[in-house]
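This briefing goes through the structure shown below by topic, moving from single loop residues to the sheet, the first helix and the arrangement of domains.

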Amino acid sequence: MPELPEVETVRKGLQDRLDLFRIEGIQVFRESAIASPGGSKEFKKNLRGTYVGNWERRGKYLIASLYKSESPSIPQSSKQKKIHGWWVVHLRMTGQFQWHEQLIAPCPYTRVSFWTQKGYELRFVDIRSFGQMWWIPANSSPKKIINGLRNLGPEPFSEEFNASYLQHRIKGKKRPIKSVLLDQTVVAGIGNIYADESLFSAGILPTKSSGHLSKQEIEYLCHSIVKVLKISIGKGGTTFSDFRDLEGINGKYGGQAWVYRRGDKPCRKCGTKIQREKLSGRSTHWCPTCQN
Ligand SMILES: [Zn+2]
């Protein structure tokens, strides 16, 4: 599943490719891909003829500002225009965007296609079909319509996310620290890969009761989360799963992984065999020597 670094990589790709992209045509191949009220009918009606402005990321959500212009000419600056609404996307398990400058027949997993005035296509492909997109009108807000966005915890790179905050959130809690990191209401954007990698980096066992972490461990953990996510963003996301950026390129983080998907292999730090076990239904990897 794409996590914060992969979604951030997709965001950058969309920002580069879709700068002042005018949506001339939309085709929805699978109705369930559109999660906003009114389904594909409202989605198509409201997105057609709009320009795509800035793309932002919040947790694993991608949010584009949309602007309307009566004339087909490109507005000088999207900032000068009144916002028409937002286009929000969650890739979930396998959602990905593809950019096609040549006409190519849709693959069986094509869920939604967007066309520019030049006939270029932005294609949303999703094998597992859990990916979702929303149209949000300007008189509302993405947070009002999308529960997952409203309940999101702070971004790991924000000032709000620090050791005092995390300590407050886990105080007295028995829940394993790994499960806490996967909880999007505690911190936004972390999934299985970066939870395991951050816990290794901080030297903390994934199964440890979160309430038993010392202040120093919490500080290490906050620092490790930011460090691991930044490294992965620099590598364009992960090689794991089906992740691809807009140009069809896999990230490069996998080669650097310390524990994730390295079960039974020797720890890169100490040589001990990496352990792999399910924890709250998610495969979890750790080094029994380096983490305690
Ligand atoms: Zn080790």
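Serine 280 counts as exposed, because 11 C-beta neighbours lie inside 10 Å and a residue with 12 or fewer is classed in that way. The model is a predicted one, and the points below should be read with that in mind.

**Loop residues**

- Serine 280 is placed in the loop between strand 10 (275-279) and strand 11 (282-286), and its phi is positive, at about 45°, although serine 280 is not a glycine.
- Arginine 92, in the loop between strand 5 and strand 6, likewise has a positive phi, near 50°, in a residue other than glycine.
- Arginine 92 is partly exposed, because 15 other C-beta atoms lie within 10 Å, a count that falls between the limits of 12 for exposed and 20 for buried.
- Alanine 138 lies in the loop between strand 9 and helix 3 (142-145) and counts as partly exposed, because it has 14 C-beta neighbours inside 10 Å.
- Leaving aside residues up to four places away in sequence, alanine 138 touches Ile83, His84 and Gly85.

- Five strands, in the order 1-3-4-5-9, make up an open sheet in which the pairing is antiparallel.
- Strand 1 (21-22) and strand 9 stand at the edges of this sheet with a single partner strand each, so one side of each has no neighbour in the sheet.
- Strand 5 (residues 83-90) and strand 9 run antiparallel and are joined by six bridges; among the paired residues, glycine 85 has proline 137 of strand 9 as its bridge partner, while histidine 90 has glutamine 132 of strand 9.

**Helix 1**

- The 14 residues of helix 1 (residues 4-17) should span 20 Å at 1.5 Å a residue, and this agrees with the separation of the end C-alpha atoms, which is 20 Å.
- The buried residues of helix 1 are Leu4, Pro5, Glu6, Val7, Glu8, Thr9, Val10 and Leu14.
- These buried residues pack against strand 3 (50-58), strand 4 (61-68), strand 6 (95-100), helix 7 (192-202) and helix 8 (215-234).
- Not counting residues up to four places away in sequence, leucine 62 touches Val7, Val10, Arg11, Leu14, Trp55, Arg57, Val88 and Val89.

**Domains and their contact**

- The domain assignment divides the chain into domain 1 (4-150) and domain 2 (163-286), and the centres of the two domains, taken over C-alpha atoms, are separated by 30 Å.
- The contact draws 19 residues from domain 1 and 20 residues from domain 2.
- On the side of domain 1 that touches domain 2, the elements giving two or more residues are helix 1 and strand 6, and helix 1 gives the most, with nine residues.
- The residues of that side of domain 1 comprise seven nonpolar, seven polar and five charged.

**The nonpolar core**

- The largest nonpolar core has 71 residues, and those with the most contacts inside it are Leu62, Ala64, Leu66, Trp87, Val88, Met133 and Val259.
- Both domain 1 (4-150) and domain 2 (163-286) give residues to this core, so the core lies between them.

Note on methods:
Residues numbered from 1 in each chain as written. Predicted model: local features only at pLDDT ≥ 70, side-chain atom pairs only at ≥ 80, totals over all residues. Helix = DSSP H or I, 4+ residues; strand = E, 2+ residues; numbered from the N terminus. Expected span 1.5 Å × (residues − 1). Contact = placed C-beta atoms within 7 Å. Domains from an automatic or database assignment. Nonpolar A, V, L, I, M, F, W, Y, C, P; charged D, E, K, R; others polar. Core = buried A, V, L, I, M, F, W, Y, C linked by C-beta atoms within 7 Å. Pairing = 2+ DSSP bridges.
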